[in-house]
Amino acid sequence: MIDAHHHLWDPSRRRYPWLADAALEPIRRPYTVDDLRAVTGAAGVRETVLVQTISSDEETREFLATASAEPLITGVVGWVELTAPDVADRLAALSGPLVGIRHQVQDEPDPSWLTRPEVLRGLAAVGEAGLAYDLLVKPPQLDAALAAAKALPDQVFVLDHAAKPPITSGEWQPWADGVAALGALENVYCKLSGLVTEADWAEWKVGHLTRWTEHVLECFGASRLMFGSDWPVCELAAAYEVVVDTAVSLTGSLSDAERLEFFEGTARRAYRLVSGDDGY
């Protein structure tokens, strides 16, 4: 099993602006590789993808060094300034198991940020470097995500957290049509991750996530859908092993072959992961 989306952080060493929200106080503490080994080991996860948390070259370099020293972490989705004139050189200078790039597009005030010419040029450089690009967007940014994915058909895009469906409010549109449009593009993959924290943190049940999961499965299929825990953010609503068990329940209708895709194969293909254990 591959966990295609988790984080590490240490507020005593670095500032994380998004963690300042009072509701996030329960997770405003260090989460280390030792913590990661503990939760993944108990859940049967053998490989992970470590994902950036802030717009920081320094964090990316640290994550790459951490992954290079830790067999459990087989890939890093880092950050680079996409609009920098020398973005290609910056990507080439990053050493280690870099498999993708991400930016917190959800926090950009311009909903069309992804379609700016300088951003598209940066995204093209990401593809030329052989890397995936993670789309961290909310429903208002889905149109721009679709335009970017159409403009760069050879670039692999990975939609994080299924574009954060508004599960608590139940507002089906425009999320559903936006996800379906992205799912129609063969160069776009999706992570079934982060759903527990889009639902009511205290009252959610697996059934609350079913409709949204079924739509994502219909749009992407098991061959372009992958599991991600979104740990430690998930701890606001559920422990790591509960998130894994929930994903197993939500994909209960899949065949054995499809489950293998969802829990391993899709992530390995999308991110071109090389396992430290078996040489894939």
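These legends accompany close-up views of a predicted model.

**View A. Eight strands line up in an open sheet.** The strand order is β1-β2-β3-β4-β5-β6-β7-β8, with parallel pairing. The edge positions belong to β1 (2-6) and β8 (225-227). Each of these two has a single partner strand, so one side of each is left without a neighbour in the sheet. On average, neighbouring strands are turned by 25° against each other, direction ignored.

**View B. Strand β2 pairs with strand β3 inside this sheet.** Residues 47-51 form β2 and residues 73-78 form β3. The two run in the parallel sense and share four bridges. T48 stands opposite I73 of β3.

**View C. Helix α5 packs against helix α6.** The helices span residues 142-151 and residues 175-183, respectively. Their axes lie 9 Å apart and meet at an angle of about 10°. Angles under 35 degrees count as roughly parallel, so α5 is roughly parallel to α6. From α5, the contact draws on L142, A145, L146 and A149. From α6, W175, G178, V179, A181 and L182 take part. By class, the contact residues are eight nonpolar, one polar and no charged.

**View D. T197 sits in a loop between a strand and a helix.** The loop joins β7 (188-192) to α7 (206-220). T197 has 14% relative accessibility and therefore counts as buried, the cut-off being under 20%. A polar atom of the T197 side chain lies 3.1 Å from the backbone oxygen of G194. Beyond its neighbours within four places in sequence, T197 is in contact with D230, V233, C234, L236 and A237.

How values were computed:
Residues numbered from 1 in each chain as written. Predicted model: local features only at pLDDT ≥ 70, side-chain atom pairs only at ≥ 80, totals over all residues. Heavy atoms only, no water. Buried < 20%, exposed > 50% of the residue type's maximum accessible area, 1.4 Å probe, protein only. Polar contact = N/O pair within 3.5 Å; in protein donor to acceptor, adjacent residues only side chain to side chain. Contact = heavy atoms within 4.5 Å. Axes fitted to C-alpha atoms, helices over the stretch in contact; angles between N-to-C directions. Parallel < 35°, antiparallel > 145°, perpendicular 65-115°, else oblique. Nonpolar A, V, L, I, M, F, W, Y, C, P; charged D, E, K, R; others polar. Pairing = 2+ DSSP bridges.
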